[in-house]
Amino acid sequence: MKFFLDTANLDELRDAAAMGIVDGVTTNPSLVAKEGKDFKTLVAEICEIVPGPVSAEVVSTEANAMVKEGRELAKIADNIVVKLPTIAEGVKALTVLAGEGVKTNLTLVFQPLQALIVAKAGATFVSPFLGRLDDIGHDGMEVLSEIRQIYDNYGFRTEILAASLRHPLHVAQAAKVGADIGTMPYKTFKSLLNHPLTDIGLERFLADWKAAQQ
Ligand code: E4P
């Protein structure tokens, strides 16, 4: 399973990337707005820190305008992925951009048919938002599992990018269900390695070592 970081914060990205297991980055307009920087400059910096796929989202809602924005975003760096909303206009834009060889990430997916449609239209990545489904009492993991089954039934090559992962259990379950990628906030990424017995064990090893030196 590949790990993407869901952030536009450069300090978080540099720190996480140093572990050598960050395969890509997802951003969205809300995350970019929090940084208060010029969008394209920020995205270019992110693309330098992480050489893997970096999703940058369009803010237009009409297909031609999305295509125009997408083409501009794709010029920023070779590893840019144009993120498009999963609405009819987004699928039209996807068809054009995919035809031009631009990588795409279809976002805000909440049910399997949306995922089936964007795969048919040639999306590079599909982003089901698991946490936001759980927030309203639906089963995000079940939706992920249905998308996996549909893609496997028909051999779609669109990669399933499990998004809106809020805690380590989400990441572990998404891996079990067979998501190709999990994108998560920095806080979740940092907590993946945590276990109290690891901390207690290390503390004990160091204390025993110190005692033997006296
Ligand atoms: C992914 O591409 C999205 O930016 C992200 O996972 C949304 O997560 P949230 O629901 O925690 O905002």
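This is a predicted model: local features need pLDDT of at least 70, side-chain atom pairs count only at pLDDT 80 or more; totals for chains, interfaces and linings use all residues.

Reply: Residues are numbered from 1 along each chain as its sequence is written, and side-chain values use heavy atoms, with hydrogens and water left out.

Me: How are helix 4 and helix 5 oriented to each other?

Reply: The axes of helix 4 (residues 63–74) and helix 5 (residues 88–99) come within 8 Å and cross at roughly 45°, where axes are lines fitted to C-alpha atoms, for helices over the stretch in contact, and angles run from 0 to 180 degrees between N-to-C directions. Helices are DSSP runs of H or I with at least four residues, numbered from the N terminus. Angles under 35 degrees count as roughly parallel, over 145 as roughly antiparallel, 65 to 115 as roughly perpendicular and the rest as oblique, and therefore helix 4 and helix 5 are oblique to each other.

Me: Which residues of helix 3 does helix 1 meet?

Reply: The axes of helix 1 (residues 10–17) and helix 3 (residues 39–49) come within 10 Å and cross at roughly 10°, which makes helix 1 roughly parallel to helix 3. With contact meaning heavy atoms within 4.5 Å, Leu-10, Leu-13, Arg-14 and Ala-17 in helix 1 meet, in helix 3, Leu-42, Glu-45, Ile-46 and Ile-49.

Note on methods
Helices (H or I, at least four residues) and strands (E, at least two) are DSSP runs, numbered from the N terminus.
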